[in-house]
Amino acid sequence: AIVNYQLSHEWKMGSDLSPHIHFQQTNNAMPNFLIRYRWQRNGQEKTTAWTDLKVNTAVFTYTSGTLNQIANGANITPPTGYSISDIIQFRIMRDNTNASGAFTGADTYTGYAEITGVDIHYEKDTLGSRTEYTK
């Protein structure tokens, strides 16, 4: 499945986006979560190629039980020709065998890793704009 995010008018244009995954962690390892993304720029030709982003850096320290964990990765830098209201498409997956080559090896996390949400943080610079497609 593909998840689509539209860039808000409050996004500080040109600033990086920070996608991350919320999940239920049940053991002391991190899954090989992978986000494949492509940035669809308004008024431009469709972007068909996907870019891989590994998302397996734990925000919280696991000790025991089931932990509400957040997995971070690198930031996404806007491409040339970006604008507000662009669409970023995501495919979220667990790369158990490291088929992407993005990780140092196979996934060592045992069991099911339940994803509870996917989110993007971004820098804001205004509450919006006075026109539909410009700042």
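I'll start with the aromatic residues: the count comes to 5 aromatic pairs. Keep in mind that this is a predicted model.

One of those pairs is tryptophan 11 with tryptophan 39. The ring centres are 6.1 Å apart and the planes sit at 55°, so the pair is tilted. Tryptophan 11 is in the loop between strand S1 (3-6) and strand S2 (17-25), and tryptophan 39 is in strand S3, so the pair ties together parts that are 28 residues apart in sequence. Both tryptophan 11 and tryptophan 39 are buried.

Another pair is phenylalanine 23 with phenylalanine 33. Here the centres are 5.0 Å apart and the planes are at 75°, so this pair is edge-to-face. Phenylalanine 23 belongs to strand S2 and phenylalanine 33 to strand S3, so parts 10 residues apart in sequence are tied together. Phenylalanine 23 and phenylalanine 33 are both buried.

Back to the tryptophans for a moment. Trp11 and Trp39 form one aromatic cluster with Tyr82. Asparagine 42 is in the loop between strand S3 (33-40) and strand S4 (51-58).

Now the charged residues. How many salt bridges does the structure hold? There are 4 salt bridges.

Glutamate 10 and lysine 124 form one of them, at 3.4 Å, N to O. Glutamate 10 is in the loop between S1 and S2, while lysine 124 is in the segment after strand S7 (114-122), 114 residues apart. Lysine 124, at 53%, is exposed.

Lysine 12 and glutamate 123 form another salt bridge, with the closest N and O atoms 3.4 Å apart. This pair also links the loop between S1 and S2, where lysine 12 lies, to the segment after S7, where glutamate 123 lies, 111 residues apart. Lysine 12 is partly exposed at 34% relative accessibility, and glutamate 123 is partly exposed at 41%.

Last, arginine 36 and aspartate 52 form a salt bridge whose closest N and O atoms are 2.5 Å apart. Arginine 36 is in strand S3 and aspartate 52 in strand S4, 16 residues apart. Arginine 36 is partly exposed at 24% relative accessibility, and aspartate 52 is partly exposed at 33%.

Definitions and conventions: Residues are numbered from 1 along each chain as its sequence is written. This is a predicted model: local features need pLDDT of at least 70, side-chain atom pairs count only at pLDDT 80 or more; totals for chains, interfaces and linings use all residues. Side-chain values use heavy atoms; hydrogens and water are left out. Helices (H or I, at least four residues) and strands (E, at least two) are DSSP runs, numbered from the N terminus. Rings of Phe, Tyr and Trp (its six-membered ring) pair if their centres lie within 6.5 Å; planes under 30 degrees apart count as stacked, over 60 as edge-to-face and the rest as tilted. Buried means under 20% relative accessible area, exposed over 50%, partly exposed in between (1.4 Å probe, protein chains only). A salt bridge is a side-chain nitrogen of Lys or Arg within 4 Å of a carboxyl oxygen of Asp or Glu.
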